[in-house]
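Thanks for sending this one over. My notes are below as numbered points, to be read next to the coordinates.

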Amino acid sequence: MATGAARETCESCGATLHGELPAGFCPACLLTTAIEEGEPEEQVNGSRIQDYELLNEVAHGGMGIVYRARQRVPSRIVALKMILPANVGSAEAMTRFRAEAEAAASLEHEGILPIYAVGEHDGAPFYSMKFAEGGTLSAQIENYRDKPREAAALVAKLARAVAFAHEHRILHRDLKPGNVLFDSDGKPYVSDFGLAKWLAHESDITQTFAVLGTPFYMAPEQAVSSHMVTANADVYSLGAILYHLLTGHPPFIGETAMEVLHRAAEQPTPRPRLTNRSIPPDLETICLKCLEKNPAWRYSSAAALADDLDLFCAGRPIQARRTGVLTRGKKWVQRNPSGALLAASLVALAAVVAWNIWKSELVRHPVTTGIAVLPFENLSDEKEHAFFADGVQDDILTKLAKIADLKVISRTSVMQYRGKQNAREIGNALRVSHVLEGSVRRDSARIHLNAQLIDTRTDTHVWAEEYDRDLSDMFAIQSEIAQKVAQQLHARISAAEKLAIASKPTADLTAFDLYTRANNLLLRTTFNTTQRADLLQAADLLNQAVARDPAFFDAYCQLAFTHDWLYFSGLDHTSARLALAEAAIEAASRLRPDAGETHLARAQNFYWGHLDYDGALAELEAARRTLPKDPRMFELTAYIQRRQGRWEEATRNLEHAIELDPRNINILQETALNYDSLRRYAEEKSLLDRALVLMPNAVNTKAARANVEGSWKADLRPLHQLIDSIRTTNPAALPTIADYRFYLALAERDAAAAQDALIASGPNPVSSYDGVQFNHPFVEGIIARMLKDDAKGRSAFTVARAEQEKIVQAQPNYGPALCVLGLIDAGLGRKEDALREGRRAVELVPVEKDAIRGIAMVKYLAMIAAWVGDNDLACEQLASIIHRPSELNYGDLKLLPLWDPLRGDPRFEKIVASLAPKEN
Amino acid sequence: MGSLCASHETGERFEETAWSVVIATGATTPARAQTAMGELCRIYWRPIYAYLRRSGYDTNDAQDLTQSFFQHLLQNETLRRVSRDKGRFRSFLLGALKRCLADEKMQRHTLKRGGRIQFISTDDLEAEELHHLRAVHEAAPDEILDARWAGVVLERALEKVRAECVAEGKAGFFEALSPFLEGTKPHVSYQEVADRMSLGLGAVKTLINRLRRQFAAAVRREVMQTVSAPHEVDDELRRLRTVFARVREQAF
């Protein structure tokens, strides 16, 4: 075979070769070889691994997969645990794994699940073991709740097995109900010895937890380092298992590994008898002794634990003694050096912030009934069907949301769980009792859908169904699912709601696909900077959808939303855009004039398009009748209310919205703004922290958080430190916080830094949230003034004026543009013009009409007045707004050079002092 | 106690490969993370680069974006949050790349920087450019990525098998017999090869079968490193194969 010439076609399969591989190899043929020659006796259905035929998957966890398999020789059913290659990093890891597995395999004890063989397949290690037909203890843990003796007997057996392993110098390190298995006779076995140690060797702690799962049964010292782990760690775990059997839950719970371990290390163990008075006191004593935070105070060995449990079962007095409740915690802190080390490590390792948030959250809000419909997995092959699964999920979610009696989490908050599996964690995070998940496959004519309803509190399936139908039945299937789910959750459905659920959004599947894609784009705009492009594309897709189906009501509603948002956000603040929104509403209204969604769309238009608050609120009231729990309603109502100055009510409505859409960054940030304007800074910090838990790398949010100290106490250090750290660790992110950099530079009177910030912000104007934007020449003028370079300031302002004038001419009644012109004129010494423009801006946006922008206009008038030397006017204006919620804060007034002309004036100083933080 | 059976091949060296490297990038020491990232880039830059070129970026921008993409992955801790229960590395990379490209800011920042990627030799780059030029015009960027991905996997497997042969002192065999990795050749008979190698026909057939199995095992090990469950290996292989079928169809 010629090696030099490039072949054009493959001689065997006829494929055209494009030089993918050297020496003219044909990739298709090579792949065929790989498929066909994979294993001897390769079967088309099922899979074989060496001597084993894989029958079905039993469990799939972070570390690996467990299959039920049939061994050929000897012929028997076994469990095959395959470690994911992900966790085998290197040759040494592989060697170490074999060593651990072989050591574990050498343990022969009636309570230890026997390992038959250790091997490796396609690079992934595995071992085969006895198949336990009785399943895991996790599945049966509820059965022991009122049977303390049985629980004790079970744990005694487990302890004996563990003790045996300890005698052979093998620790388990990851004892939990998932590792306790039963055979068909109900005999218990402990499995997976040594795996945790092998894993811990490979990765750092956070990864280990990611693989092993939330460590509800893990001794706190295990988190510190492997060196500190002794046999007593296994004793702790046995105690935690006993605790769970007796009370129905592990001793310490939490959202994250860090949280659980932190509690386990710091908090006294809640006494089991507080949960369940029927637990015998001696058994409680045994249990708590295992759970002592100081390993030295636990049972000295698993055998000692087993002995005491046996004594208890026999009705004889036990060895362990009860300690007083109050002294327990203190003793540990004083005498246990590992404890202090643990605390320090946890602080170093964990996000302490996250801990504080969820501590307060979890205590206040238990999981309520309700459901989250998670993104469905898309199993379709064709690229054109990529959004099909999302469409199915969206439709089911929408239908469920029509039921007033059901709490349904908004789509924004669930989309972030795409691909995630832990129902219990999701349930806790979203505070719902159930999740619905599933998978969808479609081809050209049929749809195959799998759906499961899971109770998050127990992590069990409540209902599952498979559908294999004609594609045209798609919406009918979704209605069925919605009905079934509502039934399972015992939600009352009214006749009108039944009708709504049974309806089809559209008969045209292509239109529905376009709609789904648009929806996905619209989701993204809540926390993404490509807003404009996304919104325009969404509009385009929706237009195509309604072109195909002029009766597609939902698409018109989304179209209205898209246009109105483009208008209001300033991305396209033109009357043409507004007209498009109104046309879409007209179309929707012709189709369904009384629908809640129509009223909601109108409300959005009245508010965003016309600032007609009363009109909007009336429409919202009408919408509430049929969409009582739609978070958008609460959101919109809140935004209107705060523009009306009804801040407290607005805050309450936002809190409702958060409950229904807990992971919606946008809502969290808006609520944080609320708190900022209300000067409730502690609450603002807490909310921003919460947003950061959801999006730890959101630089903008981090900056907002750091800035709270600046606004509240005129303390710039946190913001300064944050910006420095971003500069060194993530300089690519600097442009996103140019506004904050600029503010900091001004407040620190660092002209060079201000200049840098200006350059970094690129072509974007510098802006604050009240809608006022400063163009670049204006900012340069400000910087020049700071440097006392009057000539430069003047020329910069002149340039700025020309630019700003154009903007004002294009939008002559837009206050925020006019007030900037006024400020520029003030900088140029044109006193009359400046004051006139400032006053006009205030007139254009009366505070009664828009509490947020209105007050901002007054603030800028005050600034204009200060710049032209009219201190009386300036102080009078400031005094009139200072006690109302607004963006005006202590830090700004105290530090920004923009207010310098007023410094020293006793009235101004008094105003500043009135905003100073109170000592508390 | 059941006997412990050894695996059917022995002493395989495991290099740091895709997923395990991904995990390593979540490791605490920055040094190790950087090494891992370098490794990822070294292995998988081609499909990313090919995708970008097909998407319309010129060669300089494509280089910049490729480098930025991998850096972005590392910095944003996307890798740390990868769900190892589901998903193939290939799909994950494609998804991450699309998200990255949609992020205008990343693009703007990247394109300002200029400069060549440090870890790729000019020869390799030129070779990749050649691929780009000869690729089917109608193929979509996704398909190009898949095709180049398959190319990387197969090349690595071929190289591994070649190295194994060399280590056993059988370099010549690999050269002579590797064409048969694709299956029977219409124009070359086993007898001809046997004659050329001064071996019996039976011996040649045995050698070829062994080489094919060796190759298949090497390919499967490569793919295993990028999927999340053993039974996905076949699936992934079949899927990659269909890419070439599609790409082929579009040429007509």
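1. Let me begin with chain B. Residues 24 or more positions apart account for 72% of its contacts with a separation of 6 or more, where contact means heavy atoms within 4.5 Å. Read along the sequence, chain B follows the pattern α-α-α-α-α-α-α-α-α-α-α, with 11 helices and zero strands. Helices (H or I, at least four residues) and strands (E, at least two) are DSSP runs, numbered from the N terminus.

2. A word on conventions. This is a predicted model, in which local features need pLDDT of at least 70, side-chain atom pairs count only at pLDDT 80 or more, and totals for chains, interfaces and linings use all residues. Residues are numbered from 1 along each chain as its sequence is written, chains are lettered from A and ligands numbered from 1 in the order in which they are written, and side-chain values use heavy atoms, with hydrogens and water left out.

3. Next, burial and surface in chain B. Of its 252 residues, 53% count as buried; buried means under 20% relative accessible area, exposed over 50%, and partly exposed in between (1.4 Å probe, protein chains only). The accessible surface of chain B comes to about 11400 Å², and carbon and sulfur atoms hold 51% of that area. Accessible areas come from the Shrake-Rupley method with a 1.4 Å probe, and for residues only the protein chains shown count as cover.

4. Q214(B) counts as buried because its relative accessibility is 18%, whereas R213(B) is partly exposed, with a relative accessible area of 43%. If neighbours within four places in sequence are left aside, Q214(B) is in contact with V161(B), E164(B) and E168(B). For R213(B), the C-alpha atom is separated by 9.1 Å from that of L181(B), 32 residues apart along the chain.

5. D234(B) has another salt-bridge partner to check: its side chain meets that of R238(B) (3.7 Å, N to O). R238(B) and D234(B) are four residues apart in helix α11 of chain B, so about one helical turn separates them. How exposed is R238(B)? At 38% relative accessibility, R238(B) counts as partly exposed, while D234(B) is buried, with a relative accessible area of 15%.

6. Turning to chain A, its secondary structure comes to 41 helices and 16 strands. Buried residues make up 57% of its 920 residues. Among contacts in chain A between residues at least 6 apart in sequence, 61% join residues at least 24 apart. The accessible surface of chain A comes to about 37600 Å², with 52% of it belonging to carbon and sulfur atoms.

7. One helix of chain A shows the burial at residue level. Helix α10 (residues 281-290) of chain A is mostly covered, since seven of its 10 residues are buried. Among them are L283(A), E284(A), I286(A) and C290(A).

8. Which parts of chain A does the salt bridge between E597(A) and K402(A) tie together? Their side chains meet at 3.4 Å, N to O. E597(A) lies in helix α24 (residues 596-610) of chain A and K402(A) in the loop between α15 and α16 (411-414) of chain A, so the pair ties together parts that are 195 residues apart in sequence. E597(A) counts as buried at 13% relative accessibility, and K402(A) is buried with a relative accessible area of 15%.

9. Over all chains, a search of the whole structure finds 57 salt bridges.

Terms used
Salt bridge = Lys/Arg side-chain N within 4 Å of Asp/Glu carboxyl O.
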